[in-house]
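Student: I have the sequence and the coordinates open. Can we go through the contacts between chains by question and answer?

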Amino acid sequence: MADKKTITIAIMDAPYENARSTTALRLIDLAARRGYNINVFAYEGAVLQPFSGQTPHPNAVHGRNVEEENHFIPKDAIAALMREAERNGGKIDWVNCGLCVDERGAGAAIAGVRRGSPADLWQMAEASDNTLVIATR
Amino acid sequence: MKTLSIIESAYRATVEEQDDTIVWIHGAMKGAGAELAVLLRGNAVNYLVEAQNAGGLAFGDWEQTQPPRLASDLAALAAKGVEICYVAEDVAERGIERSELIAGVQPVAREAVAELVGRYERVWHW
Amino acid sequence: MTRYLLIESRDPFDSNDVRFCCDLAQQLAAVKNEVTLFLVKNGVLPARSGARSDDLTRLAGAGVRVLADSFSLRERGIDERRLATGVAAAPLDVVMDALAEGAKVIWH
């Protein structure tokens, strides 16, 4: 296995708004498969990515029920990434910026997500091999 | 590790947040001991214009009492020791006179951005 | 010499500001840095042969490695075998490799 690295990724987009979100998850997936430690700092709308209240839905336009539609639900993808990282000897430390959580009412997050602050972004970056900021527009 | 943050996004959610969230997070990180420098480019150079005034908004009987004060926030960041630069051509192209800008900020020629980027071990783009 | 990976997620049909990455890539390469421009999302649209791709070809000629995310290309039905001159398809792993190897990685 490649040397274990620690990578920090800062994201800002709410789910279902822009392909930046899924590209970030693709990067996290790559890091998880490599067994890296991954710090995610979720800022602004991104604190809703692991929101535990997300539920799937059917798709009547395509004639698919809930199971058939198997709709992409970000919190489930993130939980799967967390399992993947652990399976490969790594870990995802997902921090939701606390004030962003408060103003969006996004306090209910999946297990493995913790509340933090901008100081966490700086500390994560300092403790990482590298940091990528994926800002919103 | 000193970090250069290039800030381009402007007026995206400033009324709702009553701040620019990127300028704000840099203030918060600086308060936590971060070593930071900021380069404003694109529309974000307008944040340096002293005459900005977003006050007076109301939604029904809800009145905004704390509008964003972006120029002051950047001045405060500079006062905390964060070096703040801006791309000179981006200011000129927007018809902004240098005299309209807050004090204490430095112009950088567009052609010199790469050299500036090269001086920092860590570069973030917002 | 420093390694740079500039990620361009925007396209010239929608954004004027793609010039930023192109110019930065060119300036960095001109002083002998190792520079990769990685196109992702709609950023791959100018990679299609016949699209607004002159800037990409020129960058490649100036020593910048210009890559386009394979998934983004496939998602948009852009044939990897018919990309603009100087552009090659590549997996997103390139970005993670660059991060892991300590390159300066900037998302635009």
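Predicted model: local features only at pLDDT ≥ 70, side-chain atom pairs only at ≥ 80, totals over all residues.

Student: Which element gives the largest share of the side of chain B that touches chain A?
Tutor: Helix H2 (21–31) and strand S7 (122–125) of chain B each supply at least two residues of that side. The side divides into 11 nonpolar, 5 polar and 5 charged residues. The largest share is 6 residues, and it comes from H2(B).

Student: How much area do chain B and chain A bury between them?
Tutor: The contact takes 21 residues from chain B and 18 residues from chain A. Carbon and sulfur atoms carry 64% of the buried area. In chain B, Arg12(B), Trp124(B) and Trp126(B) lose the most area to chain A, together 29% of what that side buries. The area buried between the two chains is about 1700 Å².

Student: Which residue of chain A meets the side chain of Arg12(B) in a salt bridge?
Tutor: The count between chain B and chain A is 4 salt bridges. In the one with Arg12(B), N to O is 2.9 Å. The partner is Glu44(A).

Student: Is Glu8(B) buried or exposed?
Tutor: Glu8(B) meets Arg137(A) in a salt bridge, 3.0 Å from N to O. Glu8(B) lies in the loop between strand S1 (3–7) and helix H1 (14–17) of chain B, and Arg137(A) in the segment after strand S5 (130–134) of chain A, so the pair joins two chains. The relative accessible area of Glu8(B) is 8%. The cut-off for buried is under 20%, so Glu8(B) is buried.

Student: Which residues are linked with Glu8(B) in a network of salt bridges?
Tutor: Side chains of opposite charge can pair when their charged atoms come close. One pair to look at is Asp17(C) and Arg41(B), whose closest N and O atoms are 2.6 Å apart. The residues linked with Glu8(B) in the network are Arg137(A), Arg41(B), Arg10(C) and Asp17(C).

Student: How many salt bridges cross the interface of chain C and chain B?
Tutor: In this interface, 12 residues of chain C are in contact with 13 residues of chain B. There are 6 residue pairs in polar contact, both at pLDDT 80 or more. The structure holds 31 salt bridges over all chains. Across the interface of chain C and chain B, the number is 2.

Student: Which residues of chain C lose the most area to chain B?
Tutor: The area buried between chain C and chain B is about 1000 Å², with 56% from carbon and sulfur atoms. Three residues of chain C together give 46% of what that side buries. They are Phe20(C), Gln27(C) and Lys104(C).

Student: Which residues does Thr23(A) touch, not counting residues up to four places away in sequence?
Tutor: Thr23(A) is found in helix H1 of chain A. Its relative accessibility is 4%, so Thr23(A) counts as buried. The residues touched by Thr23(A) are Val40(C), Lys41(C), Leu92(C) and Trp107(C).

Student: What is phi of Lys41(C)?
Tutor: Lys41(C) is found in the loop between strand S2 (34–39) and helix H2 (54–61) of chain C. At 9% relative accessibility, Lys41(C) counts as buried. Most residues other than glycine have a negative phi. In Lys41(C) the value is positive, near 55 degrees.

Key
Residues numbered from 1 in each chain as written. Chains lettered and ligands numbered in written order. Heavy atoms only, no water. Contact = heavy atoms within 4.5 Å. Buried area = accessible area lost by both parts, 1.4 Å probe. Polar contact = N/O pair within 3.5 Å; in protein donor to acceptor, adjacent residues only side chain to side chain. Helix = DSSP H or I, 4+ residues; strand = E, 2+ residues; numbered from the N terminus. Buried < 20%, exposed > 50% of the residue type's maximum accessible area, 1.4 Å probe, protein only. Nonpolar A, V, L, I, M, F, W, Y, C, P; charged D, E, K, R; others polar.
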